[in-house]
Amino acid sequence: MALKCVTLEVTGAIIALRTSVAAIYANALSRYGVPVPPEAALKAAYTKAFPRVEKQFPNWGNTALPDYKDWWRKAVAATFEDAGIALPEGAFPHIFQALYSEFGVPSSWLVHDDAVPFMKWAQQAGLLVGGNCVGYGRYQDGILPMLGVSPLLDFLIVSKDVGVQKPDPAAFKVALDEANKVAQVLGGRRAASGVAVKATGKLDWSEFLHIGDNVKKDFLPAKKLGMKALLLDRKGEHKPGEGIEAGDIIRSLAEVPELLEKRKWIK
């Protein structure tokens, strides 16, 4: 069936950190005069601590940690512990807030050069455009609006808010439901531009395209549900195999329009 909606993972496909996580941690530590370990050591500690806290409190804490900021407190404390950083008494709340705040300012993020042109093209082509994000409310209420991306998303699924995250099929089902709601609201046409919208009734999985940069969280689960899927590999790290065909891998969103026409996924 012809394509009517495209969803993208936000981090990686649309936006990315402008600097490294380790550098943000280092800035907060140095601001309060705490000796900073080498960047490689901080990166190793963060890489180890993050999945450990994620395993204990999945999806940014879900109901166990209603405030996602509490999840980040645990992740930052675990990183400092793994890095062997001894903080002065009473320093943690201030250092945590400094680095947490830095993650929330526009200067810490960039919008990929190909993201805005692609989303504009998709809307002009009559497609609904959504985000299906492993994230929390800060993306929806702060980061994306400050970066000017929000007007290009017809809907945004934030995993913390809906209580499920990819690769859980339920996360994709939430996106399908939201697309159906938006299609009903738009009534077949975008009011501002007058562009016709292809989605006018209930959408089928085969009318959905999901683009993400994670094989296990984005590409494979989308394909399993019967969605169209593309793996965005900006760094050229993936090769065909294990369910991935050569034509499923793209290096840039700029490749997508021609690919959709070639596969006859769009009319």
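Me: What is the relative accessible area of leucine 260?
Reply: A quick heads-up: this is a predicted model, where local features need pLDDT of at least 70, side-chain atom pairs count only at pLDDT 80 or more, and totals for chains, interfaces and linings use all residues. Residues are numbered from 1 along each chain as its sequence is written, and side-chain values use heavy atoms, with hydrogens and water left out. Buried means under 20% relative accessible area, exposed over 50%, and partly exposed in between (1.4 Å probe, protein chains only). Leucine 260 falls in the buried class, because its relative accessible area is 0%.

Me: Which residues does leucine 260 touch, not counting residues up to four places away in sequence?
Reply: Leucine 260 lies in helix H11 (residues 256-262); helices (H or I, at least four residues) and strands (E, at least two) are DSSP runs, numbered from the N terminus. Contact means heavy atoms within 4.5 Å. With that cut-off, leucine 260 touches Leu3, Trp121, Leu209, Trp265 and Ile266.

Me: How many Å apart in space are leucine 260 and isoleucine 157?
Reply: Along the sequence, these two are 103 residues apart. Going C-alpha to C-alpha, leucine 260 and isoleucine 157 are separated by 24 Å.

Me: What is the bridge partner of cysteine 5 in S4?
Reply: Strand S1 (residues 5-8) and strand S4 (residues 128-133) run parallel to one another, paired over four bridges. Within S4, cysteine 5 has as its bridge partner leucine 128.

Me: Which residue in S5 stands opposite glycine 131?
Reply: S4 and S5 also run parallel, joined by four bridges. S5 is covered on both faces, with Phe155 and Ile157 buried on one side and Leu156 and Val158 buried on the other. The S5 residue facing glycine 131 is leucine 156.

Me: Is valine 185 buried or exposed?
Reply: Valine 185 is found in helix H9. Its C-alpha atom is 9.6 Å from that of threonine 200, which is 15 residues away along the chain. Relative accessibility for valine 185 is 71%, so this residue counts as exposed.

Me: How far apart are the end C-alpha atoms of H4?
Reply: The expected span of a helix is 1.5 Å times one less than its number of residues. H4 has 15 residues, so it should span 21 Å. The model agrees, with its end C-alpha atoms apart by 21 Å.

Me: What covers the buried residues of H4?
Reply: Quite a few H4 residues are on the buried list, including Lys69, Trp71, Ala75 and Phe80. Their cover includes helix H2 (21-31), H3 and helix H5 (92-102).

Me: What kind of aromatic pair do phenylalanine 50 and tryptophan 71 form?
Reply: Rings of Phe, Tyr and Trp (its six-membered ring) pair if their centres lie within 6.5 Å; planes under 30 degrees apart count as stacked, over 60 as edge-to-face and the rest as tilted. The model holds 19 aromatic pairs by this rule. Phenylalanine 50 and tryptophan 71 sit 5.1 Å centre to centre with 70° between the planes, and they link helix H3 (residues 39-56) to helix H4 (residues 68-82). That makes the pair edge-to-face.

Me: How far from the ring centre of tyrosine 100 is arginine 138?
Reply: A charge sits over a ring if NZ of Lys or CZ of Arg is within 6 Å of the ring centre and within 35 degrees of the ring normal. Lysine 228 lies over the face of tryptophan 265 at 5.7 Å. For arginine 138 over the face of tyrosine 100, the distance is 3.9 Å.

Note on methods. Pairing = 2+ DSSP bridges.
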